[in-house]
Amino acid sequence: MSPAPKILVTGGAGYIGSHTVLALNEAGYRVVVYDNLSSGHPEAVLPPAKLLAGDLGDSAKLDSLLAEEQFSAIIHFAASIVVPESISHPLHYYHNNTIKTTGLIQAALKHQIRHFIFSSTAAVYGSPEHLPVSENAPLNPINPYGRSKLMSEWILRDATQAYPYFRHVILRYFNVAGADPRGRIGQSTPEATHLIKAACRTVLGRKEKLEIFGTDYPTPDGTGIRDYIHVTDLAKAHVLALEHLAADSDSDIFNCGYGHGYSVREIIAAVQKISGLPLQTHTSPRRTGDPAQLVADPEKLRRTFNWKPQFDDIEKIVKSAYQWEKQRPY
Ligand code: UD1
């Protein structure tokens, strides 16, 4: 029997990366994580996956890793992801996301790695006119984060056209939330800005108040609406994307969400219900770079990959996030 395919996962010590590594372990792949540990944690990389600490900017280290190991695919998570930070530090985002992705694609081509899965974002659509958003909606990012990811998508697409053996899947994530339902890993960035994490930290008394950024959006309750997808369902989509490429399918792009959205106030209500605790809130102005609503059309993902989400329920998402947060010491 031939050995299981070996996969390089950049950013695999981070939130979505570590959950995908867990799904790859369980599917029998051999996994090497390459992560600079700037926001990831070594203990989030569960065995038998292996961790090599390193930055994508260290091209010599990356090159020797790719020369030593015969990877059949790369799943590329490593990136900066916070929209407001991208507005205050745009060059950091273009360097860390776009330039380092270019270097990784160059390294993949040099070592003839054939398959590449790229973590993109709903932020490439900006403020979409029509909801739910399908993959062919206009691309109009409204912040440097979204632009840094869209440029990476274009670079990847051009590389694929120039080198026919090289194929990719781009996954555009909507709002990823929740934690491994068995409590092994979760969102571990202490100061993570994600709404559900911030709300759980607030009810647990680790954050004084939850700020509601904007109550004057053109939505039923005036707060922003997002499509929250459970990280375990998203992790599974990566395993299916690998199988899609291994079956010689064409390069493609998929939106990853559930197809329905929740407002900030609905999330607050869910966190209060699940925790049984009150949540202190404070109304603040809109956050720059935030669209009013983002809801995915996930039909293509469901149809092409036969993706069957198991946690499409906001209470399950909040429950796993809350339990993870509760068992943590900070
Ligand atoms: C998130 C991702 C981003 C991705 C996008 C896709 C992170 C850090 N950001 O951005 O990478 O491109 O989804 O849709 O994962 N909010 C509050 N108070 C808070 C925090 C948030 O009111 O303390 C509101 C926001 O204004 C927004 C919603 O909650 O309406 C979600 O915000 P957040 O969890 O920060 O994610 P996004 O900015 O949507």
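Predicted model: local features only at pLDDT ≥ 70, side-chain atom pairs only at ≥ 80, totals over all residues.
Glu-325 sits in helix H10, which covers residues 314-326, and its side chain makes a polar contact of 3.2 Å with the side chain of Lys-197.

Now hop over to helix H4, residues 90-110. With 21 residues at 1.5 Å each, H4 should span 30 Å, and its end C-alpha atoms are 29 Å apart, so the two values agree. Just past the end of H4, Gln-112 takes a positive phi of about 55 degrees.

On to the rings: the whole structure holds six aromatic pairs. In one of them, Tyr-163 and Tyr-165 have ring centres 6.5 Å apart and planes at 75 degrees, which makes the pair edge-to-face because that angle is over 60 degrees. Tyr-163 is partly exposed at 38% relative accessibility, and Tyr-165 also counts as partly exposed, at 23%.

Phe-254 and Phe-305 give a tilted pair, 4.4 Å centre to centre with 45 degrees between the planes. This pair links distant parts of the chain: Phe-254 is in strand S11 and Phe-305 in helix H9, 51 residues apart. Phe-254 is buried at 0% relative accessible area, and Phe-305 is buried at 7%. Phe-254 also has Lys-300 over its face, 5.1 Å from the ring centre. Elsewhere, Arg-286 lies over the face of Tyr-217, at 4.2 Å from the ring centre.

Key. Residues numbered from 1 in each chain as written. Heavy atoms only, no water. Helix = DSSP H or I, 4+ residues; strand = E, 2+ residues; numbered from the N terminus. Polar contact = N/O pair within 3.5 Å; in protein donor to acceptor, adjacent residues only side chain to side chain. Expected span 1.5 Å × (residues − 1). Phe/Tyr/Trp six-rings, centres within 6.5 Å; stacked < 30°, edge-to-face > 60°. Buried < 20%, exposed > 50% of the residue type's maximum accessible area, 1.4 Å probe, protein only. Lys NZ or Arg CZ within 6 Å of the ring centre and 35° of its normal.
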